[in-house]
Amino acid sequence: MGTRNLTMVIDKKGELKIAQYGQWDGYPSGNGVEILEFAKDKTSLNTLELVLDKVKFFNTENADENIKAFIEEYSKREPSYEKEQKDTRTEQDKFWFENFISQDVGTDILKNTIRLYTDKDFNNLPKEFNNTIYLYDDSDFGKDSLFCEWAYCINLNTNKLECFKGFNEDKSKEHERFVTKQEEIDEHYNYENSTKYYGITLIKEYDLDNLPTREEFIEELEQQEKDEE
């Protein structure tokens, strides 16, 4: 089901390392539970902590210029029906896209990242990456709560699993990571009697050392959603 969402990870230093857009199943009983079960697995969580040193965003201002050049060239190799552009990507290009970039990846970004690190399969990535996993920072999606319906963040800095909800009509409730500019909101929702949506809001957080059962997790978040409404 098309429930758009974000999967995020913050490392122990407080730096955002993963901010993955997902097109599907963002509700608590879908991707929410997937992230919950991942966070309960201490081996996976510890491996994630280790691999984050090898993760970088390619679309930030301070991104490596060589990687920016690679991305520009990659866009010329990927298929485009509008430009009548054939798929001339390498197998490494396709592996990277299918496992780390596609909108279909969603919460699998967590498993894919630690599997690459555990299996030492960095040769499957484009050689230009030099044993680094380059991801797209889509955290700004959380500023549009009309479309970002749910978001989940494994925050290793605070040792919390944070759960966010969309459809936020109250600017005072948007989380500090997803603060919007009022003038931009006014410009975006400029039609008569329009409902204005702000950044997503934090509705629940759990201690990573004391996570709930699947049933408790779903029930609590669904109740929080009703309370917010």
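**Close-up 1. Asp-11 and the backbone nitrogen of Lys-13.** The side chain of Asp-11 gets to within 3.0 Å of the backbone nitrogen of Lys-13. This is a predicted model, where local features need pLDDT of at least 70 and side-chain atom pairs count only at pLDDT 80 or more, while totals for chains, interfaces and linings use all residues. Residues are numbered from 1 along each chain as its sequence is written, and side-chain values use heavy atoms, with hydrogens and water left out. Asp-11 sits in the loop between strand E1 (5–10) and strand E2 (16–22); strands here are DSSP runs of E, at least two residues, and helices are runs of H or I, at least four, numbered from the N terminus.

Close-up 2. Skipping neighbours within four places in sequence, Asp-11 is in contact (heavy atoms within 4.5 Å) with Lys-17, Leu-52, Leu-156 and Asn-157.

**Close-up 3. Pro-79 in its loop.** Pro-79 belongs to the loop between helix H3 (65–77) and helix H4 (91–101). Why is Pro-79 counted as partly exposed? Because its relative accessibility is 42%, and partly exposed runs between under 20% (buried) and over 50% (exposed). Again leaving aside neighbours within four places in sequence, Pro-79 is in contact with Gln-85, Lys-86, Asp-87 and Arg-89. The C-alpha atoms of Pro-79 and Arg-89 are 8.4 Å apart, with the two residues 10 apart along the chain.

Notes. Polar contact = N/O pair within 3.5 Å; in protein donor to acceptor, adjacent residues only side chain to side chain. Buried < 20%, exposed > 50% of the residue type's maximum accessible area, 1.4 Å probe, protein only.
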